[in-house]
Amino acid sequence: MIQFFFRRLLDIFPAFIGVTLLTFSLIHLIPGDAVELRAGERGIDPARHAAMKVEMGLDKPLYVQYFKYIGGVFKGDLGRSFVTKKPILEEFLTLFPATLELSTCAMIFAILVGLPAGIIAGVKRGTVFDHTVMGASLTGYSMPIFWWGLLMILFFSVHLGWTPVSGRLSALFWIDVDTGFMLIDTLRSDEPGAFKSALSHLILPSIVLGTIPLAVIARMTRSSMLEVLKEDYVRTAKAKGLTPNRVILVHALRNAMIPVITVIGLQTGVLLAGAILTETIFAWPGVGKWILESINRRDYPAIQGGILIIATLIIFVNLGVDILYGIINPRIRYTR
Amino acid sequence: MSDTIMEHLDAAPPPHPLKEFWVYFSENKGAVIGLYFIVFAILLAVFADVIAPHNPFDQYRDAILQPPVWMDGGSSKFFLGTDDVGRDIVSRLIHGARLSLLVGVIVVTLSLAAGIILGITSGYLGGFYEILVMRLMDIILALPSLLLALAIVAILGPSLQNAILAIAIVVLPHYVRLTRASVMAEKNKDYVTASRVCGSGPFRMMFVVLLPNCMAPLIVQATLGFSTAILDAAALGFLGMGAQPPTPEWGAMLANALQFIQRAWWVVTFPGLAILLTVLAFNLAGDGLRDALDPKMKR
């Protein structure tokens with residue numbers, strides 16, 4: 001097991017190096033150099049331009065610049081934003097809890113709805129319920145989620161007036177930000193009703209962001225269930241006289257979960273990409289919205305840093321899924 | 001004796017491959033509906049200039065934010081109403097179909113062509129080249145597709161062409177991996193060995209002998225690739241990183257729809273519905289295609 005763990009850990013190195021190469025070349029592929037970019041439209045005189053190039057280390061060969069960049073990355077130095085002049089890592093970390101909170105809630109929603117729906121659809125194959133779940137999940141999978149978010153706002157916020165349109169907390173409350181997770185911070189504060197407000201702000205974005213993972217989880221659970229229900233051990237369990245619920249929930253589901261867990265892990269990337277759209281629609285002050293704004297402001301260090309951190313996160317989540325997979329299914333440890 | 005065998009063969013000629021395919025494909029009702037919708041969308045796109053009642057760029061200043069025909073204040077001149085500068089929504093949707101399908105065609109062609117070449121060469125040649133290509137694809141896969149597409153657009157600048165290029169790069173790994181996997185499965189089969197013994201050169205081996213036998217999963221992936229391309233292009237358009245206004249692209253039509261959400265629901269609803277239905281149609285057809293082309297599914 002330990003050997004398996006370290007082998008997988010070594011595997012992620014090429015991917016990580018590749019991503020750093022990608023983010024490093026990002027800033028060099030843009031027309032004009034970093035000095036001109038920082039100077040913006042005002043322009044800069046040639047002498048100052050040359051001086052700044054030396055100051056920023058841009059006169060060195062590319063590989064030296066790359067190693068300098070990598071060295072910084074490992075020390076947590078991702079450069080400073082052109083716009084706010086703050087370190088990128090600091091900016092990212094202040095915004096990340098908002099994205100993490102939203103993604104977690106979206107994933108909980110997707111699992112809570114998708115898993116039971118997939119199980120029931122698999123068990124009751126060919127029924128109206130099955131067809132409905134499959135139809136709905138294919139629709140969810142095909143959904144342009146930015147439009148889905150607009151529709152949800154149109155219906156629940158504008159038409160019914162049930163939920164707020166945007167943001168994380170009503171402006172009526174003033175909360176000390178400790179953890180960055182609004183649900184926790186509001187619970188710890190003394191403001192009555194603040195938690196309820198934070199929760200109501202979370203509902204629509206979570207549903208919108210969770211829609212595609214929900215559809216994928218439901219489809220995967222169903223097909224995995226169908227596969228497992230055909231197995232001999234399920235027939236044995238039935239023949240032993242176990243109740244149908246026990247057969248499905250204990251004997252079948254445990255084995256059916258293996259591919260489902262992988263799919264859930266792979267949805268992390270989908271969630272982080274979806275967060276760009278969802279956060280834009282709901283004015284959610286998270287990482288996705290920040291990256292989009294950085295692109296619009298041509299704040300290249302921020303784009304570079306943001307992409308690097310998100311890609312690294314995804315690589316590590318995939319590593320975690322792989323290891324978890326090895327724990328659940330011992331066969332995998334030895335075959336790779 | 002031989003006569004009876006001949007008679008027997010005459011009685012049941014093998015169905016034409018296309019006919020056989022259609023029999024399996026048409027078993028799946030959803031796939032057929034999807035296919036009909038795709039044909040409908042293609043017709044709309046081809047004859048957009050004839051079918052669309054108005055020019056998609058014409059601004060009718062006296063009919064700004066007019067509701068659809070069945071609502072109070074709607075008129076049959078603008079069937080689905082008008083947008084914030086008085087452009088006819090139906091006409092913009094029809095011309096949008098042209099753009100969306102074009103995006104799909106170009107993205108799928110680019111990524112399929114590049115994917116086949118990279119996949120087949122890396123699967124056939126192997127060695128360091130294969131490791132290099134596959135690691136590169138792993139890196140592309142490590143990034144969420146929309147984020148990577150945004151990064152590429154950030155370098156190249158926002159426009160529909162650059163969005164197409166970005167999406168083609170982002171979906172490339174799927175084709176490469178799929179082609180390589182098929183080549184690996186095929187390359188040790190007897191017919192391949194026979195062809196090598198006959199003296200086929202590497203080019204012939206890859207593109208004449210192996211490629212036709214690797215096409216089935218690629219066709220399915222290409223169909224599903226249309227939906228990804230249309231969806232991603234719309235998302236980029238929505239974020240202002242794809243087609244630029246006043247282009248009647250479905251995603252771009254939604255870009256500033258948020259501000260009309262209170263007073264003009266039709267501006268928000270119809271472009272998204274068009275995206276959803278088109279993407280759904282391609283996904284349905286792709287699923288049906290997979291079932292029809294997969295020998296394991298045939299009964």
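**Chain A against chain B, and one histidine**

I'll start with B:His95, which counts as buried at 11% relative accessibility, where buried means under 20% relative accessible area, exposed over 50% and partly exposed in between (1.4 Å probe, protein chains only). This is a predicted model, in which local features need pLDDT of at least 70 and side-chain atom pairs count only at pLDDT 80 or more, while totals for chains, interfaces and linings use all residues. Residues are numbered from 1 along each chain as its sequence is written, chains are lettered from A in the order in which they are written, and side-chain values use heavy atoms, with hydrogens and water left out.

B:His95 sits in helix α5 of chain B, residues 89-125; helices are DSSP runs of H or I, at least four residues, numbered from the N terminus. Leaving aside residues up to four places away in sequence, B:His95 touches B:Ala48, B:Asp49, B:Ala52, B:Pro56 and B:Pro248, with contact meaning heavy atoms within 4.5 Å.

Now the interface. Chain A gives 40 residues to the contact and chain B gives 34 residues. Between them the two chains bury about 3,400 Å², 84% of it on carbon and sulfur atoms; buried area is the accessible area (1.4 Å probe) lost on putting two parts together, summed over both. In chain A, the most area is lost to chain B by A:Phe146, A:Trp147 and A:Leu150, together 19% of what that side buries.

The rule finds one salt bridge across this interface, that is, a side-chain nitrogen of Lys or Arg within 4 Å of a carboxyl oxygen of Asp or Glu. A:Arg219 and B:Asp287 form a salt bridge through their side chains, at 3.3 Å, N to O.

Definitions and conventions. Helix = DSSP H or I, 4+ residues; strand = E, 2+ residues; numbered from the N terminus.
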